[in-house]
Amino acid sequence: MSDTHVEIATIASNLRAVRARIDDSCRAVGRNSADITLIAVGKFHPAASCRAAIAAGQSDFGENRVQEAAVKWPALRSEFPEIRLHLIGPLQTNKVKEAVSLFDVIQSIDRPKLAVAVAEQMAKQGRRPACLIQVNTGEEDQKAGIAPAEADGFIAQCRDGLGLPILGLMCIPPADEPPSLHFALLREIARRNQLSALSMGMSADYEDAIRFGATHVRVGTAIFGARPAPA
Ligand SMILES: *Cc1c(COP(=O)(O)O)cnc(C)c1O
């Protein structure tokens, strides 16, 4: 772990650099950086790295596996109750119960069966994490997300049919295409459905995403360094 574990001081300075670039990107397009939520993606990194980010003032964190979050976060969360935890990875229906109890935001609502299961668990637990709908803007077979053509209907089903607290949309553009078209498509789907949150942009392209209206950027490598191999 020592070669991949980035030191505490490095994480703090990386965070400062990312926040400064967010400020610059906002200034360039006349946006207010207070409207951007920086989500530090700690997947595969140890709890100690997340703790270092918390010490540097970071409050929103993203994990892409329920299992990993369930090991890493309960202790940190009881110590730092102001933390907001975002699920940004695919959610299997058999993990919905745990996800609803563990996360404050679920960004990967991507199919009717999952939406129904999440609504049921919210009713059971009396807990209502905010939800984002993941859109597969590149229509990639291997990627999660509702197809763009089905997005309007699915949004209506989630929001009006199931009463889910849908804040907005999330996407992960194809790795081999310029992300801007995908950011613009996500923004357009959100606009016509009157949704305000846009979770888009990662280490390589969060500045672009801000130009296209991102309200949530999900940054891992630029904060924590290269990811260790998954456990
Ligand atoms: C891992 C991950 C990120 C962060 O990626 P970096 O390139 O390390 O910033 C963002 N979003 C999702 C959905 C991820 O799985």
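How many disulfides does a search of the whole structure find? The search finds zero disulfides, a disulfide being a pair of cysteine sulfur atoms within 2.5 Å. Cysteine 131 is in no disulfide, and the nearest cysteine sulfur, that of cysteine 158, is 7.8 Å away. Cysteine 131 is buried, with a relative accessible area of 0%; buried means under 20% relative accessible area, with a 1.4 Å probe and protein chains only. Cysteine 50 is likewise buried, at a relative accessible area of 0%.

This is a predicted model, in which local features need pLDDT of at least 70 and side-chain atom pairs count only at pLDDT 80 or more, whereas totals for chains, interfaces and linings use all residues. Residues are numbered from 1 along each chain as its sequence is written, and side-chain values use heavy atoms, with hydrogens and water left out.

The ligand is surrounded by residues including Val41, Lys43, Ile172 and Thr221, where a residue is near a molecule if one of its heavy atoms lies within 4 Å of it. The table lists polar contacts, which are pairs of N or O atoms within 3.5 Å.

| Residue | Polar atom of the residue | Distance to an oxygen atom of the ligand |
|---|---|---|
| Serine 203 | side-chain | 2.5 Å |
| Glycine 220 | backbone | 2.8 Å |
| Arginine 227 | side-chain | 2.8 Å |

The protein covers 90% of the 380 Å² of accessible area that the ligand has on its own, as given by the Shrake-Rupley method with a 1.4 Å probe.

Notes. A polar contact is a pair of N or O atoms within 3.5 Å; within protein, one must be able to donate a hydrogen and the other to accept it, and residues adjacent in sequence count only if both atoms are side-chain atoms. Buried means under 20% relative accessible area, exposed over 50%, partly exposed in between (1.4 Å probe, protein chains only).
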